[in-house]
Amino acid sequence: MTGIADQAWFRDPALGRILALLNADGGEGRVVGGAVRNSLMGLPVNDVDIATTLRPEAVMERAAAGGIKAVPTGLEHGTVTLVIDGKPFEVTTLRTDVETDGRHAKVAFSTDWKADAERRDLTINALYADAGGEVVDLVGGLADIETRNIRFIGDAARRIAEDHLRILRFFRFFAYYGSGRPDAEGLKACSLARSKLTKLSAERVWSELRKLLGADDPGRALLWMRQVAVLTEILPESERWGIDAIPSLITTEKALGWTPDPLLRLAAIVPPDAARMEALAARLKLSNAEAATLKAWAMAAPVKDVMSSAAFERLLYRNGADGITTRLKLALAVARGKAEGDFDEMARSARLTKLLDQATNWKKPQFPLNGGDVISAGIASGPRVGELLAGLENQWVEENFVADRAALLARLQERVQ
């Protein structure tokens, strides 16, 4: 028997208290999904989800009797969140699907563990651990854990028909947990059903794509997504641009200790075109901050790696650092990818690294004057105020920000006389 009873997270007294509550008086509760999967793969466990034969109202009644806070987070789907010392545990009643349309499912509560397992998406996500820590495998997930095979439960096409988002989940879980080549049946089913992705909400698609792009190395998953035209379906901007920059970007991230950034990876596979990025942000319903990041990158001024530190400082002041930083990271990744044995690319990498350090640590200088200073110098409110300020600021920037307030006020007086 395979067990996880020795895992520290499983010995958590709070979890033991909840399992004891659910397993009393004819009920049963088992840990399910990611916590079991990750433990078996030697990976960190974050959230702990629990499946139970008890109906949600019974879970809430038992929690109340046991002095445990219960939050009805999804009663229609059988989900109650139990909270002990601020730590949440999501408890969901066993279910069977009554009706599915590829986006939503109507469910019926059940006490059948096998039926509950078979309605889930992937074999590695349908493993249970009972109150004693023994792993219960009803769909062949243990073998797939062993080989890191990402496989749909039962018929792949049927699983996808139940929820079209499973196409993206297949590739996302391959990015995080898979090895070798993706399951052939799964690949074929994803390719054949790819047009169904347009029926999903943009929020669900972007949420799943963002998680995939945040994997330690999403390169292989993106490659297979492109191979079977799934990537083009959700990200047509990538069709001509390609994903060739991803391997060198991942290598550079690891070498330089950059935190994986889904938006940086996205920028590596789409063209730096402001209009297209605006359309992409609207189509996928990116957050305002995410859309602004892509727009800043697409509109960023070109950076010559041979430019001086002073010239680069002026460029940063006039254009901002955010978009330029993204461009530099992508350019550095490309240069590092070509650098082995190429002294020109090695030198270019060194120059780009220096500029990136400067941009990362840059703080915008504060122009010492404002409109009030111009008005105090005798200029009436109006366009002339802005013109004088702009002229002085431009000169100040060209001189690399050295003139102080006194010197600028003196120049202002000369211009208004």
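Strands E4 and E5 run antiparallel and are joined by six bridges. The model is a predicted one: local features need pLDDT of at least 70, side-chain atom pairs count only at pLDDT 80 or more, and totals for chains, interfaces and linings use all residues. Residues are numbered from 1 along each chain as its sequence is written, and side-chain values use heavy atoms, with hydrogens and water left out. Helices (H or I, at least four residues) and strands (E, at least two) are DSSP runs, numbered from the N terminus. Two strands pair if DSSP finds at least two bridges between them.

Most residues other than glycine have a negative phi.

Strand E4 also pairs with E3. Four bridges join E3 to E4, and the two run antiparallel. Ala-70 is set opposite Leu-82 in E4. Lys-69 has Val-83 as its bridge partner in E4. Four residues lie between the strands of this hairpin, where Gly-78 has a positive phi near 85 degrees. E4 is largely enclosed by the rest of the structure, because five of its six residues are buried. Buried means under 20% relative accessible area, exposed means over 50%, and partly exposed lies in between (1.4 Å probe, protein chains only).

Seven strands form an open sheet in the order E3-E4-E5-E2-E1-E8-E9, with mixed pairing. Strand E3 (69-74) and strand E9 (135-137) are the edge strands, and each pairs on one side only. On average, neighbouring strands of the sheet are turned by 35 degrees against each other, direction ignored. Axes are lines fitted to C-alpha atoms, for helices over the stretch in contact, and angles run from 0 to 180 degrees between N-to-C directions. Strands of a sheet pair through backbone hydrogen bonds, either parallel or antiparallel.

Tyr-128 has Val-136 in E9 as its bridge partner. Helix H3 (residues 56-65) packs on the sheet. H3 touches strand E2 (49-52), E3, strand E4 (79-84) and strand E5 (87-93). The direction of H3 makes about 15 degrees with that of E4. Contact means heavy atoms within 4.5 Å.

Two pockets were examined. On a 1 Å grid over the protein atoms alone, a pocket is an open set of points where a 1.4 Å probe fits, with protein on both sides within 12 Å along at least five of seven lines; lining residues have an atom within 4 Å of a point. Grid points are joined across faces, edges and corners, and a volume is the space filled by probe spheres set on the points.

The largest pocket holds about 1400 Å³ of space. Its lining has 40 residues, and Asp-49, Glu-90, Arg-120, Asp-121 and Arg-169 lie nearest its centre. Elements giving two or more residues to this lining include E2, E5 and helix H7 (166-177). H7 gives the most, with five residues. By class, the lining has 12 nonpolar, 10 polar and 18 charged residues. Ala, Val, Leu, Ile, Met, Phe, Trp, Tyr, Cys and Pro count as nonpolar, Asp, Glu, Lys and Arg as charged, and the others, Gly among them, as polar.

The second largest pocket has a volume of about 360 Å³. Of its 18 lining residues, Pro-272, Trp-297, Arg-327, Leu-330 and Ala-331 are the closest to its centre. Helix H18 (322-338) is among the elements that give two or more residues. The largest share, six residues, comes from H18. This lining divides into 16 nonpolar, no polar and two charged residues.

Arg-194 lies between helix H8 (184-192) and helix H9 (202-213). Arg-194 counts as partly exposed because its relative accessibility is 28%. Beyond its neighbours within four places in sequence, Arg-194 is in contact with Ile-167, Val-228, Ala-229, Val-230 and Glu-233. Arg-194 and Arg-166 are 28 residues apart in sequence and 10 Å apart in space, C-alpha to C-alpha.

Asn-400 is found in the loop between helix H21 (383-398) and helix H22 (405-416). Phe-401 is found in the loop between H21 and H22. Asn-400 has a positive phi of about 65 degrees although it is not a glycine. Phi of Phe-401 is also positive, near 65 degrees. Asn-400 is partly exposed at 30% relative accessibility, whereas Phe-401 is buried at 15%.
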